[in-house]
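The sequence and model come first.

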Amino acid sequence: MKDTAIRPPLTLRTRDALVGWLFVSPITIGFLIFFVGPLVAVLGYSLTEWNLLTQQSTFAGMDNYADALGRNPEFWTVLRNSLVFAAGLVPLNMALALTLAVALSRPFKGVVIFRTIFFAPVVTAAVAWAIVWTFLLQGESGAVNQMLALIGIDGPNWLRHPDWAMFAVIVTRVFKTVGLNMILYIAALQSIPRDYEEAARLEGASGWQVFRLITWPLLAPTTLVIMVITVVGSLKVFDHIYLMTEGGPENGTLVLAFYIYEQAFEFFNVGYAAALAVILFLLIVLLTITQVILKQRGGER
Amino acid sequence: MKRHDKMIKRLIGASALAAGLCGTPALAEELRFTVWTGSEAHLSMLNGIAASYTEKNPDVTVRFETIPFADYVQKITLQLAGGNPPDLGWLLESSAPTFVDAAVLADVSETLKSTEGYDFDDLSQGAMGLWQDGDAVYGVPFSTSPFIVYYNASLYDAAGLEHPDALAAKGEWTWERLKQDAAALADAEAGVWGFQSVDGQGYGGRAVHTLIPMVRSHGGDAWADGTCGWASDEAVEAVSLYHDMIFKDHSAVPPGEQGDFFTGNAALTVTQLSRVSKLKDAAFDWGIAPLPSGPAGEASVIGQAAIVAFAQGKQTDLAADFMAHMTSAENVAIMAEFFPPARNSVLEGEAFLTSNAAVSPEQMKIVANGIANGAVAPGHVAYPQIESAMRPKFDALWKPDADVKAVLEDVCAAIEPLL
Amino acid sequence: MTRFQSPFVRICWYLSLAILAVPFVFPFLWMLSGAVKSQTEIFSPSLSLLPQTWHWENYAEVFRYQPFARQYFNSLYIAVVVTAGSLFISSLAGYALARIRFAGSGLLLLMLISALMMPEEVTIIPNFFLMKWLGLMNTHMPLILLPMFGSQGVMATFLMRQYFTALPPELEEAARMDGLSRFGIFWKVALPLSRPALAAVGIITFLFSWNLFLEPLVFLSDIELFTLPLALSNFTDAYGLPLWHLQMAATSLAVVPILIVYIAAQRQIVESFALSGVKG
């Protein structure tokens, strides 16, 4: 109290600034230490040749990047796998999510039960989901192949076959995460006023026309959000790969996020792994920006 | 700057402690010892040895920590890199050159040679090869264990087939014969396979251990003197035999399937003596036999594991002292129940043959012969890299229409730069 | 209520939904079934959900095989600490970013938003060495700190900010007239009004922590300190052969309680996720 008497009282603005920074200081400090710092550090690491076992590191300039982009053909396999994974997962996930959402956005008897079912894997640990599906997808004796045998299909050895492993991982991952996108779409669908649709119907539009000309454009903002979340989610997939295929067979499911872990913590190449992390970072930034720009352009038209 | 560092460290560390969320701090005199066995029989034996050490050194306790085999090397490395090293641990022959080369193992020669009654020269020189560098000693093998065949005698009898050990005595136990037996004993209806790879891991972490006995008995090898041997005619012939067992005879457990010998779901398997502990409650009769011979005769393969102390540990002297205790003649004789020893005096003694109640002296002879005539499984300074390079290439083998020769040439192309 | 044009349409409708539901339901059933089968039966070619003989002892075996109760507790308390801490930190910061005008807030917000999408794989290697330097290796601290301050914490802050931004300012004006401090307004007025957002952020944060896998994998080595996801990935015999019966029993124990809570609070949980996506 005395202090305020001597010094001129703080203006509201200054006080607000103080309180504001005080309020944001925990997250800001933590964010700087555990996120921004490491992000800068990983750039530094990527310029070194660093062995995790011997703990020796030497400056290597751009060697790690040269290794990844030029000398090590494995990198291109990994990058291709990551893109194949995203290209397979994103459309499948979004199409299924939208289908389910359209089916479950209007009330009917049992609708809550179905929503609950399709959303259940979202709250289930990814580790548990991947483990149970690994069990279901065992070669001959796996439940999936036994079911297929009932209808006369001789199922492949899903997780051991280079052509099928990627497919199996993508599909099981879609089952795991599609519920979230479904919910987002349902929320968006329910916020569309019924009048629009009814008006269109009165004009004689078919169900498909209503969807294509009215519903789908109105869903565009949601679609963008879902797309960004799903694309990034597909690039960071780790636990499914770690538990179901370990990147195999024949490196067929070796994706970037898993490759980073493997290089750093299994083969001890810290510098090379850091360079891969930087590449993953750039890839995500690039893809996110591209999508937002594309959508904005589309929105303007 | 350093002081600054320390302050930040303390601040963050203190707030962490204040939150009371830190792990339990280790006791000053506790030795942490990593192993890859989870078997109760093995652990109680190890704990017995630790207890006898605690008796002599009341303020020292030893805690054995199990890390599953498949992740073992990786987890140890992570602990070393994370500044949280175990004091002692088991290490497999394939990792020896890498770890010795990386200078992460403590040199224990002084402790061993100065410990009274240790008798360092009793350790077999052949077995010590991987773990010595000049005068420095980086580990003492506790297990020099040949790969042997386990067979399900109940299944053999039901099928009226002659037991493998009897065949071996007549010199008729060959890989061809094993292949025939496996085909005859496989019974898909009953969920029984003919042959299981080493610990069921033949398509993953134990691919080399599974294939090398076949390859060597055909006269080939994985690599030697910087040259890859996987693509040699001998190796191709051996691997083709196994490939046929999986995809033509449908007798070997294929990749992605599970048929465990130890639960009665496979008639034959190749592995080591220590797995006897898994047969304690077996609902079937079983026997053991030497590895089958091939066109190039018999080729016994030894898997070796040693006890090492980690140089980064905080109590390396104590760790070395415990190592001396654990590998003394007395304790090596105890461990011989599961882990064939590297001490000549124990190996040659009659006591070794009767060290495991579940294994008859005749069967133990098979093990002893395997050690006497065996060669250690392949190792290399760059083993982790070689393994990672081989793994995706080997994957291509496990398809019905794989071209074995072409795949093995691919394997060689992938690892040759590393050899 | 959607009215079906004919009984045939109604049957087709339910049948196709039921078929679509199979890959979402069957894994849970097969998991529960495997949990009570014997190690031998689990590999016999049969699609029977009921075991030939019931092996309830698989559940007991899980606790003997690993310190599973301890691991369960670890996951629970870490998730609670992360959730509580994250709620406090993120609502405080979210409030300031939404309600208080101060220099640099725009820049800070931009920085946080740009981190929203960054996966932990990008920063895991430096964080490994940071935790080593701090002496926090093989403790639970990395599992608490990283979710709280990494992209998950940022997401929580962002969600709270969005919610506070939408609150009518009149409520605060009244409180300010009554002489409440900024913190008082935040604590006594804004927070109680933001229960739905707090619930949403709480639920999402809890599940995020509960499911965390990469961090425990990298930072923990002591089996007593393992969290559930890491423990679940550890049900092989020592030589690497999966023990499917124990694996399924352990997985059931980890999954079923969460599913029960989910079914009981289905509406609330689903809405929380919907909120996160709509605002994010």
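The lining of the second largest cavity divides into 22 nonpolar, 13 polar and 6 charged residues. That cavity holds about 1,200 Å³ of space, in a model that is predicted.

**Second largest cavity**

- A search of the whole structure finds 13 cavities of 30 Å³ or more.
- The second largest cavity is lined by 41 residues.
- Closest to the centre of this cavity are R173(A), L180(A) and K236(A) from chain A, with Q152(C) and F208(C) from chain C.
- From chain A, the elements that give two or more residues to this lining are α4 (73-104), α8 (162-190) and α11 (220-235).
- From chain C, the elements that do so are α7 (151-166), α10 (195-211) and α14 (266-279).

**Largest pocket**

- The volume of the largest pocket is about 1,700 Å³.
- Its lining has 48 residues, and those nearest the pocket centre are G38(B), S39(B), E40(B), E61(C) and Y65(C).
- By class, this lining has 17 nonpolar, 17 polar and 14 charged residues.
- In chain B, α2 (40-56) and β2 (61-66) each supply at least two lining residues, as do α2 (57-65) and α13 (244-264) in chain C.
- The largest share of the lining, 5 residues, comes from α2(C).
- Two domains of chain B each give at least three residues to the lining: domain 1 (25-145 + 303-375) and domain 2 (148-299 + 382-418).

- Two packed helices are described by the angle between their axes and the distance between the axes.
- Helix α2 (residues 12-45) of chain A and helix α6 (residues 141-149) of chain C have axes that come within 9 Å and cross at roughly 115°.
- α2(A) and α6(C) are therefore roughly perpendicular to each other, and α2(A) passes α6(C) in a left-handed crossing.
- α2(A) also packs with helix α4 (residues 105-115) of chain C, at an angle of about 40° and with the axes 12 Å apart.
- That angle makes α2(A) oblique to α4(C).
- The crossing of α2(A) and α4(C) is left-handed.

How values were computed:
Residues are numbered from 1 along each chain as its sequence is written. Chains are lettered from A and ligands numbered from 1 in the order in which they are written. This is a predicted model: local features need pLDDT of at least 70, side-chain atom pairs count only at pLDDT 80 or more; totals for chains, interfaces and linings use all residues. Side-chain values use heavy atoms; hydrogens and water are left out. On a 1 Å grid over the protein atoms alone, a cavity is a set of points where a 1.4 Å probe fits but cannot get out, and a pocket is an open set with protein on both sides within 12 Å along at least five of seven lines; lining residues have an atom within 4 Å of a point. Grid points are joined across faces, edges and corners, and a volume is the space filled by probe spheres set on the points. Helices (H or I, at least four residues) and strands (E, at least two) are DSSP runs, numbered from the N terminus. Ala, Val, Leu, Ile, Met, Phe, Trp, Tyr, Cys and Pro count as nonpolar, Asp, Glu, Lys and Arg as charged, and the others, Gly among them, as polar. Domain bounds come from an automatic or database domain assignment. Axes are lines fitted to C-alpha atoms, for helices over the stretch in contact, and angles run from 0 to 180 degrees between N-to-C directions. Angles under 35 degrees count as roughly parallel, over 145 as roughly antiparallel, 65 to 115 as roughly perpendicular and the rest as oblique. A crossing is left-handed if the near helix is turned anticlockwise from the far one by less than a right angle, and right-handed if clockwise.
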